[in-house]
Amino acid sequence: MSTKLETQGDWLVAWDPEDESKWDKKLAWNTLAVTTFSLTLCFVAWFLPSAIIPKLNALGFTFTKSQLYWMASMPGLSAGFLRLVWMVLPPKIGTRKMVTLTTLLLILPVLGWGFEVTNPDVPYWRLMGLAFLAGIGGGAFSGFMPSTSFFFPKRMQGTALGLQAGIGNFGVSLVQLLTPWLIGFGMFGFLGSQQMATAGQNPVTVWYQNSALVYIPFIIAGAIWAYIILKSVPIKATIRQQFDIFGNQDTWWMTLLYIMTFGTFSGLSAQFGLLMANLYGSGNAQIVEGVGESARVLVEGYNVPDPVKFVFLGPLVGAGARVLFSPLTDRMGGAIWTLISGIGILASIIVTIPSLTPDYSSAESLQGGFNLFLWGMLAIFLFSGIGNASTFKQMPMIFEKRQAGGVIGWTAAIAAFGPFLFGVGLTLMPSTVFYIIGAVFAVMCIAITWWRYARPGAPKPS
């Protein structure tokens with residue numbers, strides 16, 4: 001049953017989801033639909049660089065592996081800082097203004113990538129600037145999720161937040177899945193075409209600007225839709241009041257747990273393609289013996305994987321798990337699923353580690369290593385998606401309403417550094433060492449979850 005509520009401009013005069021007389025169910029679900037559509041576009045903008053960067057050198061750019069890792073890391077660094085801004089916006093400017101303006105801002109990175117990818121002479125700093133602007137899409141998450149939590153009663157927040165975040169996360173797979181198809185015809189041919197050269201294959205004509213520019217009409221439509229439909233919940237708090245969450249120890253414990261789940265999801269989503277190409281890709285072929293540690297020659301008969309054909313699978317699995325497991329967190333509680341998530345991530349990392357040092361002794365060994373790498377990575381994505389759903393169920397149960405929104409925003413902000421941390425880690429150390437560190441971190445998070453939230457008699461069962 002929906003209730004007609006009084007409004008003053010953008011703002012609802014009274015709103016209490018726990019009281020049926022002060023809650024409009026239809027408005028809540030309409031808000032979820034609009035903000036989820038916009039959030040999906042935000043993730044498209046945030047991870048658009050991850051679909052383009054692995055192919056830059058094939059398009060005529062001349063960047064080093066280190067430069068490409070740093071470029072792929074920049075949207076995560078940017079998003080982490082921008083989430084600290086977006087997390088305080090819902091009480092200050094309200095849902096309507098925040099979502100509308102955020103959606104319009106996505107035009108900056110999307111339009112920029114659409115034009116600059118056609119020019120191999122563009123300087124490195126300009127592409128790094130566009131990678132930074134892509135972080136706007138990631139920053140939005142820390143405003144959208146707390147804002148949406150205000151519209152639903154606690155008993156439904158696991159499902160509502162899981163649907164929004166999970167469907168929004170599909171934006172990662174969307175951009176990575178559609179890109180190979182979009183670049184195949186001259187939709188925006190007035191910007192010219194490019195020759196994409198891959199080792200061992202003849203150059204092909206592509207229109208890489210399509211991978212970005214196709215989203216511009218949807219961004220404009222999303223902004224208009226948000227402006228027309230959305231209202232704002234009257235939860236007022238100063239920035240100082242919002243930051244009182246830092247006096248609660250559970251803010252810090254949940255931050256660590258969300259780094260394990262969403263930090264892993266976002267970090268691997270951004271680096272999956274580059275990591276696959278650097279370990280098993282054709283870039284390792286025809287290297288003269290004795291060049292150094294990276295001198296490898298691909299064995300004849302080995303089918304070199306095209307990262308573009310696989311990279312969307314990880315985010316798809318992670319986002320799907322977040323959607324599918326959200327109702328289960330409402331039914332069973334979040335803590336038990338966070339515990340399962342941590343154990344699953346740990347086991348998946350351990351299984352994947354041997355594949356990070358490919359065996360070049362035979363085609364069969366290489367193919368077997370790649371298969372292990374792919375399935376191990378997909379398992380990590382699966383369990384990180386489960387944890388993304390469960391941690392967002394826990395937070396509204398652990399914290400009171402005003403604080404819960406701030407904690408959701410804060411934990412999301414820190415976890416958004418995932419792409420940056422993964423990029424830096426994979427640049428500065430061997431991937432095996434980086435994954436071992438991840439396994440140790442997972443063990444710590446499992447212990448925190450069990451002791452604080454999941455065990456019988458836990459201080460904060462959630």
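**Helix geometry, cores and selected residues in the predicted model**

Helices here are DSSP runs of H or I with at least four residues, strands are runs of E with at least two, and both are numbered from the N terminus. The structure is a predicted model, so local features need pLDDT of at least 70 and side-chain atom pairs count only at pLDDT 80 or more, while totals for chains, interfaces and linings use all residues. Residues are numbered from 1 along each chain as its sequence is written, and side-chain values use heavy atoms, with hydrogens and water left out.

On confidence, pLDDT is the predictor's own score for each residue, running from 0 to 100. The protein averages 87, and 93% of the residues score at least 70. Helix H14 (residues 334-352) has the highest confidence, with a mean of 97, whereas helix H10 (residues 239-242) has the lowest, at 62. A contact means heavy atoms within 4.5 Å.

Back to H13, which covers residues 313-332. Its 20 residues reach 28 Å from the first C-alpha to the last, close to the 28 Å expected; the expected span is 1.5 Å times one less than the number of residues. There is still a kink of about 35° at Phe325, shortly before the proline Pro327. Such a bend is the angle between axes fitted to the seven residues ending at a position and the seven starting there. The buried residues of H13 include Gly314, Gly318, Gly320, Arg322 and Thr329, where buried stands for under 20% relative accessible area, exposed for over 50%, and partly exposed for anything in between (1.4 Å probe, protein chains only). Among the elements covering these buried residues are helix H7 (154-182), helix H11 (249-280), H14 and helix H15 (363-398).

Helix H3 (residues 89-105) is another story. A straight helix of 17 residues would span 24 Å at 1.5 Å a residue, yet H3 spans only 15 Å between its end C-alpha atoms. The helix bends by about 80° at Thr95, and Thr95 itself is on the list of buried H3 residues, along with Pro90, Pro91, Gly94 and Arg96. Ile93 also sits in H3, but Ile93 counts as partly exposed because its relative accessible area is 26%. Leaving out residues up to four places away in sequence, Ile93 touches Trp11, Met98 and Ser232. Ile93 and Ile220 are 127 residues apart in sequence and 20 Å apart in space, C-alpha to C-alpha.

As for packing, a nonpolar core is a set of buried Ala, Val, Leu, Ile, Met, Phe, Trp, Tyr and Cys residues joined through side-chain atoms within 4.5 Å. The largest one has 119 residues, and those touching the most other members are Leu56, Met71, Trp113, Leu127, Phe141, Phe373 and Tyr435. H11 gives the most to this core, with 14 residues. A second, separate core of 13 residues includes Trp15, Leu32, Phe150 and Val233. Not counting residues up to four places away in sequence, Met71 touches Ile53, Leu56, Phe63, Trp113, Tyr124, Leu127, Met128 and Ala131.

Two loop residues are also worth a look. Gln209 is in the loop between strand S4 (204-206) and helix H8 (210-213), and it counts as buried because its relative accessible area is 0%. Setting aside residues up to four places away in sequence, its contacts include Gly114, Val117, Phe188 and Gln194. Pro17, in the loop between strand S2 (11-12) and helix H1 (25-52), is buried too, at 3% relative accessible area. Beyond its neighbours within four places in sequence, Pro17 is in contact with Trp23, Phe150, Phe151, Phe152, Pro153 and Lys401.

Trp451, in helix H18 (residues 431-454), is exposed, with a relative accessible area of 56%. Apart from neighbours within four places in sequence, Trp451 is in contact with Ala458 and Pro459. Trp451 and Pro461 lie 10 residues apart in sequence and 9.8 Å apart in space, C-alpha to C-alpha.

Finally, the cysteines. With a disulfide taken as a pair of cysteine sulfur atoms within 2.5 Å, the count comes to 0. Cys42 is buried at 0% relative accessibility, and Cys445 is likewise buried, with a relative accessible area of 0%.
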